[in-house]
Amino acid sequence: MTTSLTDVASSDTALRAFLHGLPGVDRVGADQRAAMLGTRSIKTTAKAQAIDLAISMVDLTTLEGADTAGKVRAMCTKAVRPGGDAPKVAAVCVYPDLVPVAVEALGGAGVKVASVATAFPSGRSSLEVKVGETAAAVAAGADEIDMVIDRGAFLSGRYMKVYEEIVAVKAACGAAHLKVILETGELATYDNVRRASWLAMLAGADFIKTSTGKVSPAATPPVTLIMLEAVRDFRDATGRQVGVKPAGGIRTTKDAIKKLVLVNETAGDDWLTPEWFRLGASSLLNDLLMQRQKLATGRYAGPDYFTLD
């Protein structure tokens, strides 16, 4: 790193030089390490603890054009009381127009309300619209904003445009936390994932998030590994901790536990809390609940015993 972090965003040239001066990602090494960590076996008591931790990290999500107020209310009920004595989830994530429904349904139960914004999922809109949508969601009661970066601008090398948009959206968030979605499936290379991670953090992101869930591949183990390395190295360089949220394609307990192993072995246990690590998912929670019951009773209950997410 040849540029002081205090001067990184002083110009487009300085920002480009910094991002392209980051160490390149060894693709083979990243793939192999992620695969190796994915073979770790977690059993009995440790598995039960991992399942409850994963439940507490879930951002229970519905982001469909057919979403209704009734669906969001039902999801909020499940978020607070997933089943039995299972812990409540970290947050529910909805479109901006449904934020008031979620706020009312949760009623101060300790589950955050997150909302996607900034022309989700494409990010193709003016900065004025993006800032306005963010401000409206926060005014409606959103605790967290999940914004998407302009991947077209990033991939064409207009890094300062992306940086300035994140700064503006962060300002519009006020006290709400900002999660910046990189949409890693469209970034093409691991080097771009590392650059986009640092760009988002330099601009003020509270979390960096892999994906919208609308593009494949999404939260692959190597991409999650690279982003965890980025937040670890960013804290070492700046003293500021940033969270990570993999989202998209995380459907099973095995997927979730693999992510927790990646966190522990890459960033460390400082990130093993809902304050610093989230799992964006819609169908994951039911599998976690089924596996939890299996550990407690020795029997699978089956999906019919749990509400649909």
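Which residues lie nearest the centre of the largest pocket? In this predicted model, Thr-212, Gly-213, Gly-248, Ala-281 and Ser-282 take that place, among 26 residues that line the largest pocket. The volume of this pocket is about 470 Å³. By class, its lining consists of eight nonpolar, 11 polar and seven charged residues. Rolling a probe the size of a water molecule over the atoms shows where empty space is left.

The second largest pocket holds about 260 Å³ of space. Its lining is made up of 13 residues, and Arg-40, Ile-42, Lys-47, Lys-254 and Ile-257 lie nearest the centre. Helix 11, which covers residues 253-266, gives the most to this lining, with five residues. The lining of the second largest pocket divides into four nonpolar, four polar and five charged residues.

Eight strands make up an open sheet with parallel pairing, and their order is 7-6-5-4-3-2-1-8. The edges are taken by strand 7 (243-245) and strand 8 (279-281); each has a single partner strand, so one side of each is left without a neighbour in the sheet. On average, and with direction ignored, neighbouring strands of this sheet are turned by 25 degrees against each other.

Strand 1 (residues 58-61) pairs with strand 8 in the parallel sense over three bridges. Within this pairing, Gly-280 of strand 8 stands opposite Asp-59. Strand 1 also pairs with strand 2 (residues 91-94), again in the parallel sense and over three bridges. Here Thr-61 has Cys-93 of strand 2 opposite. The side chains of strand 1 point in two directions: Val-58 and Leu-60 go one way, Asp-59 and Thr-61 go the other way, and all of these residues are buried.

Elsewhere in the sheet, strand 4 (residues 144-148) and strand 5 are joined in the parallel sense by five bridges. Ile-181 in strand 5 is the bridge partner of Val-148. Helix 8, formed by residues 159-173, lies across strand 4 and strand 5 and runs at about 150 degrees to strand 5.

His-177 belongs to strand 5, which spans residues 177-181. With a relative accessible area of 41%, His-177 is partly exposed, because this value falls between the limits of 20% and 50%. Apart from its neighbours within four places in sequence, His-177 is in contact with Asp-143, Glu-144, Ile-145 and Asp-206. Between His-177 and Ser-125 there are 52 residues in sequence and 21 Å in space, taken from C-alpha to C-alpha.

Lys-209 is placed in strand 6, which spans residues 207-209. Its relative accessible area is 3%, under the 20% limit, so Lys-209 counts as buried. When residues up to four places away in sequence are not counted, Lys-209 touches Asp-146, Val-180, Ile-181, Leu-182, Glu-183, Met-227, Lys-245 and Ala-247.

The backbone was then considered. Most residues other than glycine have a negative phi, and most peptide bonds are trans. A cis peptide bond is found between Phe-120 and Pro-121, with omega at about 0 degrees. Pro-121 is part of the loop between strand 3 (112-117) and helix 6 (127-139). Ala-119 is located in the loop between strand 3 and helix 6. Although Ala-119 is not a glycine, its phi is positive, at about 60 degrees.

Another cis peptide bond, also with omega of about 0 degrees, joins Ser-216 and Pro-217. Pro-217 is found in the loop that lies between strand 6 and helix 10 (221-238). A positive phi, near 75 degrees, is present at Ala-188, a residue other than glycine. Ala-188 sits in the loop between strand 5 and helix 9 (190-202). The relative accessibility of Ala-188 is 66%, which is over 50%, so this residue counts as exposed.

Definitions and conventions:
Residues are numbered from 1 along each chain as its sequence is written. This is a predicted model: local features need pLDDT of at least 70, side-chain atom pairs count only at pLDDT 80 or more; totals for chains, interfaces and linings use all residues. Side-chain values use heavy atoms; hydrogens and water are left out. Helices (H or I, at least four residues) and strands (E, at least two) are DSSP runs, numbered from the N terminus. Buried means under 20% relative accessible area, exposed over 50%, partly exposed in between (1.4 Å probe, protein chains only). Contact means heavy atoms within 4.5 Å. On a 1 Å grid over the protein atoms alone, a cavity is a set of points where a 1.4 Å probe fits but cannot get out, and a pocket is an open set with protein on both sides within 12 Å along at least five of seven lines; lining residues have an atom within 4 Å of a point. Grid points are joined across faces, edges and corners, and a volume is the space filled by probe spheres set on the points. Ala, Val, Leu, Ile, Met, Phe, Trp, Tyr, Cys and Pro count as nonpolar, Asp, Glu, Lys and Arg as charged, and the others, Gly among them, as polar. Two strands pair if DSSP finds at least two bridges between them. Axes are lines fitted to C-alpha atoms, for helices over the stretch in contact, and angles run from 0 to 180 degrees between N-to-C directions.
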